[in-house]
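Please keep the sequence and the 3D structure in view while reading.

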Amino acid sequence: MAESRSDTGTARIIDGKAFAAGIREKVARRVAHLKAEHDVTPGLAVVLVGGNPASQVYTRNKSKQTVEVGMESFKFDLPAETTQHELLGRVSELNEDSRINGILVQLPLPDQIKEHAVINPIDPAKDVHGFHVINTGLLATGQDALVPCTPLGCLMMLKDALGDLQGRKALVLGRSNIVGKPMAMLLIKESCTVTVAHSRTRDLPAEAREADILVAAVGRPRIVKGDWIKPGATVIDVGINRVPAEEGKTRLVGDVDFDEAVKVAGAVTPVPGGVGPMTIACLLHNTVTACGRQNGLDDRAD
Ligand code: NDP
């Protein structure tokens, strides 16, 4: 279990960095096995359109970690003025390329390109982001799917912290297609009793106080206060918010008021160093899983 105890409160601090390193090690072992036993090297293609600085950092990290676990990385930096038609052409080539097992088109995309117009043509078997409607439908019906990376990472941390999740009350704060909804589906599959809250929820603190598991994916700095948290609850903070800090600098905080949460929760993820590192690790995990399935090998995620 990757965690430490807080100095100031009672909560265990779940160490996402250490947890992610453990996942990458497992992925590297699976890659080595695929190479040695089946002569197959998983390949991940990352497509970036335009020079959004944050996206450039993300895609660089993804490519670097892909290589570190022994997979092949294919990186495509396309100009900001790329048309939707041109991007679809690239996706079509990647769908046909047998060296590539996973395709990731980095979001957000420039205004001239519609996200769904690009995600829908990706071969669902190569959709390692887990955003394709086929994967969404498989997840919603409880079947094997490529699951969106961030909620998958949250689920792994929850299972590690709590073991069996069955029967626990969970509140998912946020209903986005990439975090909130798939998170709720995963928790339903684990037989939790799930509430999904959003900006129109009437009494958010009251809903939160009922929850044994609280996953916050809102994008509002420290919206979840200590007195919203049920004593002993497990709190997973997905939010990444940049706020002003001293001397004109900025810093990252989550959606949970961490200093208050550690005094009440049973376990909590910090920001940074919690959910964030898990997302790329789960992308690599999805890519090796996709590669195994495409080659008819039961290289199932554990
Ligand atoms: P979205 O903006 O797509 O969704 C936010 C959700 O929060 C919506 O459902 C919205 O409700 C709800 N919400 C917004 N304000 C409130 C409020 N005041 N009270 C209650 N609910 C509210 O965000 P994402 O799901 O994409 O991301 C959420 C956060 O997670 C962001 O900070 C993002 O940066 C971070 N993130 C982190 C990742 C990681 O790797 N760690 C990966 C992905 C996201 P409504 O639907 O009613 O508008």
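By class, the residues lining the largest cavity are seven nonpolar, one polar and one charged. The model is a predicted one. The lining of this cavity is made up of Ile-103, Leu-104, Val-105, Leu-107, Ile-119, Ile-122, Asp-127, His-129 and Phe-131. Asp counts as charged, so Asp-127 is the charged residue in this lining. Strand S5, residues 102–105, supplies the largest share of the lining, three residues. The space inside the largest cavity is about 60 Å³. How many cavities of 30 Å³ or more are there? The count comes to one.

The largest pocket holds about 1300 Å³ of space. Its lining has 42 residues, and the closest to the pocket centre are Tyr-58, Thr-150, Ile-240, Gly-276 and Thr-279. Which of the elements gives the most to the lining of the largest pocket? Helix H2 does, with six residues. Sorted by class, the pocket lining has 22 nonpolar, 14 polar and six charged residues.

The protein is divided into two parts, domain 1 (38–123) and domain 2 (148–276). The C-alpha centres of these domains are 29 Å apart. Each of the two domains gives at least three residues to the lining of the largest pocket.

The next topic is the cysteines. A search of the whole structure for disulfides finds zero. For Cys-149, the nearest cysteine sulfur belongs to Cys-282 and lies 6.4 Å away. A disulfide needs two cysteine sulfur atoms within 2.5 Å, so Cys-149 at 6.4 Å from its nearest partner is in no disulfide. Cys-291 is in no disulfide either, and its nearest cysteine sulfur, that of Cys-149, is 16 Å away. Are these two cysteines buried or exposed? Cys-149 is buried because its relative accessible area is 5%, and buried means under 20%. Cys-291 also counts as buried, since its relative accessibility is 0%.

Some backbone details come next. Most residues other than glycine have a negative phi, and most peptide bonds are trans. The bond from Leu-107 to Pro-108 is cis, with omega near 0°, and Pro-108 lies in the loop between S5 and helix H4 (115–119). Leu-107 is also one of the residues that line the largest cavity. The bond from Val-271 to Pro-272 is cis as well, with omega near 0°. Pro-272 has its place in the loop between strand S12 (267–268) and H10.

| Residue | Phi | Loop | Relative accessible area |
|---|---|---|---|
| Asp-39 | about 55° | between helix H1 (16–38) and strand S3 (43–49) | 71% |
| Glu-247 | about 55° | between S10 and S11 | 73% |

Why do Asp-39 and Glu-247 count as exposed? Exposed means over 50% relative accessible area. Asp-39 is exposed because its value is 71%, and Glu-247 is exposed because its value is 73%.

Lys-249 is found in the loop between S10 and strand S11 (250–253), and Glu-247 is found in the loop between S10 and S11 too. Lys-249 counts as exposed because its relative accessibility is 52%. Apart from neighbours within four places in sequence, Lys-249 is in contact with Val-243 and Pro-244.

With a relative accessible area of 32%, Thr-195 is partly exposed, because the value falls between the limits of 20% and 50%. Which residues does Thr-195 touch, not counting those up to four places away in sequence? Thr-195 touches Ala-170, Leu-171, Val-172 and Glu-207. Thr-195 and Ala-184 are eleven residues apart in sequence, and the distance between them in space is 7.8 Å, C-alpha to C-alpha.

Technical notes
Residues are numbered from 1 along each chain as its sequence is written. This is a predicted model: local features need pLDDT of at least 70, side-chain atom pairs count only at pLDDT 80 or more; totals for chains, interfaces and linings use all residues. Side-chain values use heavy atoms; hydrogens and water are left out. On a 1 Å grid over the protein atoms alone, a cavity is a set of points where a 1.4 Å probe fits but cannot get out, and a pocket is an open set with protein on both sides within 12 Å along at least five of seven lines; lining residues have an atom within 4 Å of a point. Grid points are joined across faces, edges and corners, and a volume is the space filled by probe spheres set on the points. Helices (H or I, at least four residues) and strands (E, at least two) are DSSP runs, numbered from the N terminus. Domain bounds come from an automatic or database domain assignment. Buried means under 20% relative accessible area, exposed over 50%, partly exposed in between (1.4 Å probe, protein chains only). Contact means heavy atoms within 4.5 Å.
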